[in-house]
Protein chains: 2
Amino acid sequence: MSKASQEGMTAKKGENFDEWYTQVILKAEIADYSPVSGCMVFRPAGYAIWENIQRETDSEFKKSGVKNCYFPIFIPERLLEKEAKHVQGFAPEVAWVTRAGNSELEEKLAIRPTSETVMYEVVSRWIRSWRDMPLRLNQWNNVVRWEFRHPTPFLRSREFLWNEGHSLFATREEADAEREDIMGIYKRVTEGLMALPGYMGKKSKSETFAGAEATYSIEHLLPDGKAIQGPDWHSDGQNFSKAFEIVFVDKDGNNQFAWQNTWALTTREIGVMLAVHSDDKGAVVPPKLAQIQVVVIPIVNDESKRAVLAEAKKLMAKLNGKFRGLLDDRDQLTPGRKFNEWELKGVPLRVEFGPRDMKEKQAVLVRRDTGGKRKVKVADLVDEVGKDLDTIQDNLFRRASEALTKNTHDAWSLDELKGILSKGGGVVRVHWCGEDACEEKMREETGGKVLNIPLDQKPASGKCVVCGKDAPTVANFGRSY
Amino acid sequence: MSKASQEGMTAKKGENFDEWYTQVILKAEIADYSPVSGCMVFRPAGYAIWENIQRETDSEFKKSGVKNCYFPIFIPERLLEKEAKHVQGFAPEVAWVTRAGNSELEEKLAIRPTSETVMYEVVSRWIRSWRDMPLRLNQWNNVVRWEFRHPTPFLRSREFLWNEGHSLFATREEADAEREDIMGIYKRVTEGLMALPGYMGKKSKSETFAGAEATYSIEHLLPDGKAIQGPDWHSDGQNFSKAFEIVFVDKDGNNQFAWQNTWALTTREIGVMLAVHSDDKGAVVPPKLAQIQVVVIPIVNDESKRAVLAEAKKLMAKLNGKFRGLLDDRDQLTPGRKFNEWELKGVPLRVEFGPRDMKEKQAVLVRRDTGGKRKVKVADLVDEVGKDLDTIQDNLFRRASEALTKNTHDAWSLDELKGILSKGGGVVRVHWCGEDACEEKMREETGGKVLNIPLDQKPASGKCVVCGKDAPTVANFGRSY
């Protein structure tokens, strides 16, 4: 496989999405398979993307008053069972530790699929009065959900990395007000860094997180027409605080249960981002997240070699003050091989620099997203590279937004909905009355599901595509990953 | 327990070290017990220390050419068994996943106690030629070692956080040369950030890492006279590359096995640091790692309240541009209560600011390490706070270094060694011939062990304290945590 990974792409995005996606991830050396079924390896280029996402997101969390912490990866079985719906939702996917060394454990331990239960048991000791809140905690950690469906690196992995935010408030109003804050951060991170558009909305009851009262999500669209859920935020009400006795004395001296939210962004986003932007040449990574933003490739012949390399090093030094850059001065490869390799790996911008460029004090910039080339003066190089990186970042978001818009449809009947989903998929806006039975019917008939219900809709006339009752607002519907 | 944690310290460092240490950690809200036996919770003040350590260490790793990555937490049993000594060393402490959902797993999975085996199986696919190396990988992750000894937060925890570096080289010379690089980073991090002195040296054969050819460590000394191992670096030679067939084509076209090293720094260091610096008032945290470096406490009466608070906010804004600061403007607590709370929590510097200070355009700085107070002009506040923080950082290292020197002894006979270790402990330099049998004898007679053997010793005349043979160099010996 490693040999194969050193060759170029053979699958086409438009022909065989699954095979193409796997080739991009493996051949660009972003991820690798592991000896553990369903678990992946983040290679340095892939982990660097996550580090860049973490750094920016974490800085926004901290500005907003969130504090990081770390809780054990293990959850004793009796704790996981404390919130009935929660355990129902997760038990089928839990990996259990039953032995340590040569001993059988007295109580088996779940590997955290999410940390509500182990956190709230402890946090209940930290909360006494309304003054102890808001308490907004976050962990950057690894979680395990032993899914039995076909695993795919990033998109469905039995172990994944994420942020899990857990916040506690003294009133429902304060708890609810956190939604805009957190979903705003997730929107800026997905749109601004990952160049990923999406639809924000509220999940239907049947798709709400196990143990929560309401779930809000950003839903993305994959190039194969399937929707996929992005980051989410859950209003837990007092469900967990009642189960874990998180009680505080309010301003009036009365005992109250805390109001809680949870929120998460996972490494799945990296897969969505790569799937959306990459092409038949390989990975395309948005400049703000790329491990290497700009690669300088000297083009030399025997007589010019020393001078061109010396000059290229100077260019690189200038660029490295502002960007994450790499000078590819490997001797044994032709410039053409290097172009292919860095295109495959998704470096956003390439600087070509040869003897003629040196003479004319210029360099050639080649964009990964469009293949567009232009000459710039060496004196302006840093500025021009900065401009191109910004343009590429913007272009990726614009291109992805256009694709999302193009693949968003309206359906006015169940037949129309079925027709659209059977021909290419996408997101379909349908009037739906909100009843479980109608949702179930749509699901059965189309193989899709309610993705979420956009907020701030202006009620308009419309009838539920299933039962025909008045349904003044629409839901986003689609086949989902 | 939470109620107790809100009260001040009662145990004394000099009287009951274990109880005192636990009180510091819990009452300063740095860590908490968890519902999982032997696993701890990193509260925000504790996790912030780790984030600060990570940030600085990671930046040094990256400058040195190390790349971060992430491998699965699970290791299939057959992989763990591939290197015979390695599995022998770790098997007694491995936590095993045997079930997922309702299914029994076909092959049980170890939770990584360390990642050599799962990494090298995969990395062997990434290495073809000498050009693919050096490959220097690192993970910041969680590992589990199910120790059956008494757990203590940070110092001995069944799950802990660490960096695990794994590097591959084409020659033994290059591999060996990495030691100074990595141990240099660890020395700067422990001394410069944690203000923790230590003795660097090579481990004896019996204390070498399971699967390695040689281990180098930094050894610290706890206030109770026990030594404790800090960060380490292992030369693995070709042990793992032979077991995992990490083969490459060298410059001459011949197949060779790669040369490997591994290296780690764990969250145990946080515990050592707190144990060494803290005192009977609570935690003392070195300024470079403290979550809050400076706390401003306004001292108000009814008439001055508004004006003093407004001015204190301005002071805080100035300080927050350069330091991690907090304005404690809580209404319900007296200044005295606040002083005690922030001393307990280990904030290095306190700024007191009252109506008279406002009038005289001054503020009072109070150092956590010495209790020393001084008045400074408000106009100079930022500079003076910076100076005090530097002074505190230096003072903590100086104080700890003096304590280490004071508790380092020379012993010229086994009786002398026994005598020193039975009265207060410490690090004892003894001439030892290097033979396993003599090491074992010292261990049996004293309950201590060879900590490490300092490098760059000038050979001097000396006889092994056990067998009396020539032993021109000394070993650091001590009871160890």
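Me: Which residue of chain B does the side chain of Arg125(A) meet in a salt bridge?

Reply: The model is a predicted one. A salt bridge needs a side-chain nitrogen of Lys or Arg within 4 Å of a carboxyl oxygen of Asp or Glu. For Arg125(A) the N to O distance is 3.1 Å, and the partner is Asp32(B).

Me: How many salt bridges does the rule find across the interface of chain B and chain A?

Reply: The pair Arg125(A) and Asp32(B) forms a salt bridge. Over the interface of the two chains, the rule gives a count of four.

Me: Which strand of chain B gives the largest share of the side that touches chain A?

Reply: That side consists of 36 nonpolar, 10 polar and 17 charged residues. The largest share is six residues, and they come from residues 95–100 of chain B, strand S5.

Me: How many bridges join S5 of chain A to S5(B)?

Reply: The two strands run antiparallel. Ala100(A) stands opposite Ala95(B) in this pairing. The number of bridges joining S5 of chain A to S5(B) is five.

Me: About how much area do chain B and chain A bury between them?

Reply: In contact are 63 residues of chain B and 63 residues of chain A. Pro35(B), Tyr70(B) and Trp126(B) supply 13% of the area that chain B buries against chain A, more than any other three residues. Of the area buried between the two chains, 63% is on carbon and sulfur atoms, and the total is about 5,000 Å².

Technical notes: Residues numbered from 1 in each chain as written. Chains lettered and ligands numbered in written order. Predicted model: local features only at pLDDT ≥ 70, side-chain atom pairs only at ≥ 80, totals over all residues. Heavy atoms only, no water. Contact = heavy atoms within 4.5 Å. Buried area = accessible area lost by both parts, 1.4 Å probe. Helix = DSSP H or I, 4+ residues; strand = E, 2+ residues; numbered from the N terminus. Nonpolar A, V, L, I, M, F, W, Y, C, P; charged D, E, K, R; others polar. Pairing = 2+ DSSP bridges.
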